[in-house]
Amino acid sequence: MVTVLEKVLIVEDEMHARSGLTELVESWGYRAECAADGMEGLEKAIAWAPAIVVTDLKMPRMDGMELLNRVGELPQRIAVIMLTAQGSIESAVDAMRMGAYDYIPKPVDPHRLKTILHNASRQREADVELEATRRQLRDTGVLGPMVGSSPQMMEIFTMIERIAPSNVSVLVTGESGTGKELVARALHDLSARRLKPFVAVNCAAIPETLIESEIFGHEKGAFTGALERRAGCFELAEEGTLLLDEIGEMPMATQAKLLRVLEDRKLRRLGSKIETPVDVRVVAATNKDPEKAVASGELRGDLYYRLNVFNIQMPPLRDHLMDVSAIAEKMIDDMNERHRCTVAGLKDSLMTRLEEYKWPGNVRELRNTIERAVILAGTGMLGVEHLPPHFGEPGFAPPPTRVVVTEVGGVHTSSPSGEMQRHLDESNSVRVEVGTTVDEAERQLILKTLVATNNNKTKAAEILGISSKTLQNKLKEYSNSAVTE
């Protein structure tokens, strides 16, 4: 039951469906009116000023698409929900690109409609507050965790502001380290879902045998080792936002199941016979060219088109170096709080060096560089003396601030010990002493390559000349051997 009696206009040419939906919506506490086609619906939208319009897609005189366009021209903000028949999903996705709040297939699932209406109503309550926040952010060049006043970043901020209030899926692309997760967080923070969970999962970091369990959950006894029932990432993100990072690394069978969840808004845990409704906004990210991934068979075409309602392309840092100063200042504030330091800022000489560097590792590399400098300085102003040795020189590869270690179920990152950090600072080469076995030398090479690529398994596999699956198998082997030692 909603706390505010929002107005909901039902536009449906089929009489029984129209009356049934109107009565159903009224039973949930909304004020409902109905119209027999788009023309009548537009007239009532102008005269009655509803908060939400639920409209059929195919209607005489004026169809749902045209009604969506005309409603969008009205001075008041109205959330439009499209009703689509089977086989009209493409049209529904097009409608969401044009500004529809959400869509629901026929026959209408009452539970899903109620959830969508609730979310749309909740969104209106947040609109005034969000609009004030957006105006302030536009002026300061800050959007949630993101910073930048360059034309590229301001264009991205505008796109995020525009699509954040909807439930539309978003595909974020760009090189590794450009801040794709920050985009997902900004979309979450500027939506009505901001008080609900934000869950991020890296598809490349989960072994192929466990990824379905991690994402969809499992029942007790679903497979060997499933000792208890476990909720997956979708359930953990209920009413919130789920980021599927490195979506191109997800196995094809899992991609097929993900597509069905996105289409039906229902999931089935491994080992369960029951489908559970889910209300989650999905944001996907990849550092691959998605169209090339589709062509090569790494990404399902139908999943790509379902996720790619909107595409946000994150530029490499070298293409907006004017933002380095603002990003670095924001990072200093974060690092001061994290490491209990009191660094005041950057000297002009250091800022010049940072703005002249091309940052092949993008914002992630800048963050590692600033974190290292803040820890070394502790207080005062950061200078060039706090940069890594040989910074910016030909062939320079910055020492990472994190190293890869193995554990049961995969690979995670942790802070290195002082001895390990000194070893990594010396070079990016692998030192193999006489007497080292071939297997051990291979293990060192693989782990060191992962360190050098900031745990980007796709890039590491390319450098090593092996497939991503082979790399995953090797890491699993190292994990198992670490447990038995």
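Trainee: Good. What kind of model is this, and how are residues numbered?
Mentor: This is a predicted model in which local features need pLDDT of at least 70 and side-chain atom pairs count only at pLDDT 80 or more, while totals for chains, interfaces and linings use all residues. Residues are numbered from 1 along each chain as its sequence is written, and side-chain values use heavy atoms, with hydrogens and water left out.

Trainee: How many helices and strands does the protein chain have?
Mentor: The protein chain has 19 helices and 18 strands. These are DSSP runs numbered from the N terminus (H or I over at least four residues for helices, E over at least two for strands).

Trainee: And how much of the chain is buried?
Mentor: Of its 485 residues, 49% are buried. Taking contacts (heavy atoms within 4.5 Å) between residues at least 6 apart in sequence, 68% join residues at least 24 apart.

Trainee: Salt bridges next. How many does a search of the whole structure find?
Mentor: The search finds 29. Each is a side-chain nitrogen of Lys or Arg within 4 Å of a carboxyl oxygen of Asp or Glu.

Trainee: Why do such side chains pair at all?
Mentor: Side chains of opposite charge can pair when their charged atoms come close.

Trainee: Which residue forms a salt bridge with D102?
Mentor: D102 pairs with R265, with 3.2 Å between the closest N and O atoms. That bridge links distant parts of the chain, 163 residues apart: D102 sits in strand 5 (residues 102–105), and R265 in the loop between helix 10 (252–264) and strand 11 (266–267).

Trainee: Are those two buried or exposed?
Mentor: D102 and R265 are both buried.

Trainee: What else touches that region? I was looking at R112.
Mentor: R112 lies in helix 5 and is buried, at 8% relative accessible area. Not counting residues up to four places away in sequence, R112 touches D102, Y103, I104, P105, E263, D264 and R265. Its C-alpha atom is 8.2 Å from that of D279, which is 167 residues away along the chain.

Trainee: D264 is in that list. Which side chain does D264 meet in a salt bridge?
Mentor: The side chain of R260 does, at 3.4 Å from N to O. R260 and D264 are about one helical turn apart because they are four residues apart in helix 10. D264 counts as partly exposed, at 35% relative accessibility.

Trainee: Which other residue forms a salt bridge with R260?
Mentor: E275 does, and here too the closest N and O atoms are 3.4 Å apart. E275 lies in the loop between strand 11 and strand 12 (276–277) and R260 in helix 10, so this pair ties together parts 15 residues apart in sequence. E275 is partly exposed, at 30%.

Trainee: Which residues are linked in a network of salt bridges?
Mentor: E219, R229, E235 and R269 are linked that way.

Trainee: Changing topic: how many cavities of 30 Å³ or more are there?
Mentor: There are two. A cavity is a set of points on a 1 Å grid over the protein atoms alone where a 1.4 Å probe fits but cannot get out, and its lining residues have an atom within 4 Å of a point. Points are joined across faces, edges and corners, and the volume is the space filled by probe spheres set on them.

Trainee: How much space is in the largest cavity?
Mentor: About 150 Å³. It has 17 lining residues, and the closest to its centre are N167, L262, R265, V280 and R306. Helix 10 and strand 13 (281–286) are the elements giving two or more residues to that lining.

Trainee: What about the second largest cavity's volume?
Mentor: About 50 Å³. Its lining includes Y101, N119, R122, N167 and R281, and helix 5 (residues 110–140) gives the most, with three residues.

Methods. Buried means under 20% relative accessible area, exposed over 50%, partly exposed in between (1.4 Å probe, protein chains only). On a 1 Å grid over the protein atoms alone, a cavity is a set of points where a 1.4 Å probe fits but cannot get out, and a pocket is an open set with protein on both sides within 12 Å along at least five of seven lines; lining residues have an atom within 4 Å of a point.
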